[in-house]
Amino acid sequence: MKINKVLVAVDESEGARRALELAEALAAPDPDMHLDLVYVVPIPLLDESQTASFEDILDMMISDGEDVLTKMEESLGEDVAARTETLLMTGVNPATEIIKLTEQRDYDMVVIGNRGLVGLMRMISPHLGLPTSPTPFASGISPTLCGFAKCSMTFALYMLAIITALPSG
């Protein structure tokens, strides 16, 4: 399967930086590959009165997200950056927003950093022939992504080890 369109979920973590490095390494030799970088601003569930007082904070969080996307895009080589789009989303659950995005666009792969992989590793390890106990590289990504994503999921782990979980069905 040729990979043409890749979604890279980013935040300010080291894992996100590694995910971006991995995606760039995949895209660099392939001039047809396109990257989308997505940053999801997590918004708590609030009632109407709380929402009004939260607006200034939300504006700062959105500005921070824009800054993260800009820094990540600027870290890419010129050739790959020319084939990259940045997307800023808001939502209660970042994993759910990423799943919605994969359903709206036809991604061949999603690349995510290693934050929070303990639950995910426990869920997918048996299918990959790996031990089910937490490993040194397993440490906030929700297992929701693996259960519902319609494309392959690639996780940039410590020491740039790669695990790809193919979609079910």
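User: Does D67 count as buried, partly exposed or exposed, and at what relative accessibility?
Analyst: This is a predicted model, in which local features need pLDDT of at least 70, side-chain atom pairs count only at pLDDT 80 or more, and totals for chains, interfaces and linings use all residues. Residues are numbered from 1 along each chain as its sequence is written, and side-chain values use heavy atoms, with hydrogens and water left out. Buried means under 20% relative accessible area, exposed over 50%, and partly exposed in between (1.4 Å probe, protein chains only). D67 therefore counts as partly exposed, at a relative accessibility of 40%.

User: In which helix is D67 found?
Analyst: Helices are DSSP runs of H or I with at least four residues, strands are runs of E with at least two, and both are numbered from the N terminus. The protein has six helices and six strands. D67 is found in the one spanning residues 48-74, helix 2.

User: How many salt bridges does a search of the whole structure find?
Analyst: A salt bridge is a side-chain nitrogen of Lys or Arg within 4 Å of a carboxyl oxygen of Asp or Glu. One of them joins R83 to D79, with the closest N and O atoms 2.8 Å apart. For the whole structure, the search finds eight.

User: Which residues are linked with E14 in a network of salt bridges?
Analyst: The side chains of E14 and R18 meet in a salt bridge at 3.5 Å, N to O. Both lie in helix 1, four residues apart, about one turn of the helix. E14 is partly exposed because its relative accessible area is 40%, whereas R18 counts as buried because its relative accessibility is 9%. The residues linked with E14 in the network are R17, R18 and E21.

User: Leaving aside neighbours within four places in sequence, which residues is L26 in contact with?
Analyst: L26 is placed in helix 1 (residues 14-27) and is partly exposed, with a relative accessible area of 33%. Contact means heavy atoms within 4.5 Å. With its neighbours within four places in sequence left aside, L26 is in contact with M33 and M109.
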